[in-house]
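Work through the exercises below with the model open beside you. Try each task before reading its solution.

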Amino acid sequence: MLTESHEALAREVLIHGPIGRSALGPRLGLSPASLTRLAKPLIERGLFIELSEEATGSVGRPIRPLDINPDLGYFIGLKITGDSVFAVLTDTRARIVDERERPLESTDPSATIDLVADVIRDIAQSAPAPLAGVGVSLGGAVDDEGRVLRAPFLGWSNVDLAGPLSEKSGVDVTVENDVVALVEAERWFGAGRGRSGFCVITIGAGVGYGLVIGGESVHTREAGVGLGGHVPLDPTGPLCPEGHRGCSSALLTSVAMRAQVQGALGLPVEYDEVLTLAAKGEPVAVAVVDAAARGLGRLISLAANLTMQPTVVLSGDGIALWDVAADKIRLAASVDRDPLAEPLEILVDDIGFGAWARGAAAVAIQASIARLTASASGAALR
């Protein structure tokens, strides 16, 4: 059976390896004998490998660091939006080695599943080792069985996604809310790696929010509701489509920023163009970007104040806002922060849109490690 100790050991080695037993023991609160006992079945089943001995200069046996076996396989992460499917191929530490993007011509569930399966087959051809798992993320509520309960961008309700995709691809498929998946990627492999607690704020087509406390992500049934999307930030700001004045969606989404600039200039502009125009000093774009910077700064301070987590990770496909307005964002964040509080630590994951797909790969990696750990620990008890 899978024990918490086996799972914790596998997670520590995956995140921090190569790592010696002397470092693992204090992290996990385990004695050398307990650590050796736990590691043995994971080594025998091929989940861990022992690297060459390293002399430390101290008396005693040389250390043999533990690491995750690089031959476990590769993973595919896919992010489904209302108009496209973006896929990445990663190794066991969610490092991106290839990527694909395909337009979504229909949001019909069957057609979408067929397209996603085709993308999986396509990108799998570039994997140097067999696939170990597939992860899929999307904006909406997902249950533990991989069924999409609600996905507004796709118009879906109660759609089984994991089952048909697993059958078509021949590998285990994990489906998760996109923000939850991205938070897991930041916790295990990204900017939040090694930190016991932090907030995650994502900006782009929407505004997302996640939380890690005590080294664990906070999971609730409301993950797919979009609770970060309508936080009031500016009582004089523009209206969002729901009629909220100056909320996070009205100020920070790429759609809202584009609409404001387009309305003023009478010209169609993309999000990147808005940022470029602001950097060049175009007055309308500057006003929109400055308002977004102030709003994001306030959202950062609110998240840190209410959760008592002074570390905030910024990510998402709209994160280029940081490149043109970092100083203004930092200043706005400091205004609502008590001078006696811990200094804010703002970390930026600048992968951009790829962060969403990497998040999907991360939950597939987590599921695969859990399966392998369960198998190894169960064998040790027989």
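Two exercises follow, each with a worked solution.

This is a predicted model, where local features need pLDDT of at least 70, side-chain atom pairs count only at pLDDT 80 or more, and totals for chains, interfaces and linings use all residues. Residues are numbered from 1 along each chain as its sequence is written, and side-chain values use heavy atoms, with hydrogens and water left out.

**Exercise 1.** Determine how strand 3 (residues 74–80) is covered and which strands it pairs with.

Solution. 
1. Helices (H or I, at least four residues) and strands (E, at least two) are DSSP runs, numbered from the N terminus. Buried means under 20% relative accessible area, exposed over 50%, and partly exposed in between (1.4 Å probe, protein chains only). Two strands pair if DSSP finds at least two bridges between them.
2. Check burial. Seven of the seven residues in strand 3 are buried.
3. Take strand 6 (residues 131–138). It runs parallel to strand 3, with seven bridges. Ile80 has Leu138 as its bridge partner there.
4. Take strand 4 (residues 84–90). Its pairing with strand 3 is antiparallel, over six bridges. Lys79 is bridged to Phe86. Three residues separate the two strands, which form a hairpin.

**Exercise 2.** Locate Glu242 and decide: is Glu242 buried or exposed?

Solution. 
1. Find the segment. Glu242 sits in the loop between strand 13 (216–217) and helix 7 (248–252).
2. Apply the cut-off. Glu242 counts as exposed because its relative accessibility is 58%.
3. His230 is twelve residues from Glu242 in sequence, and their C-alpha atoms are 8.9 Å apart.
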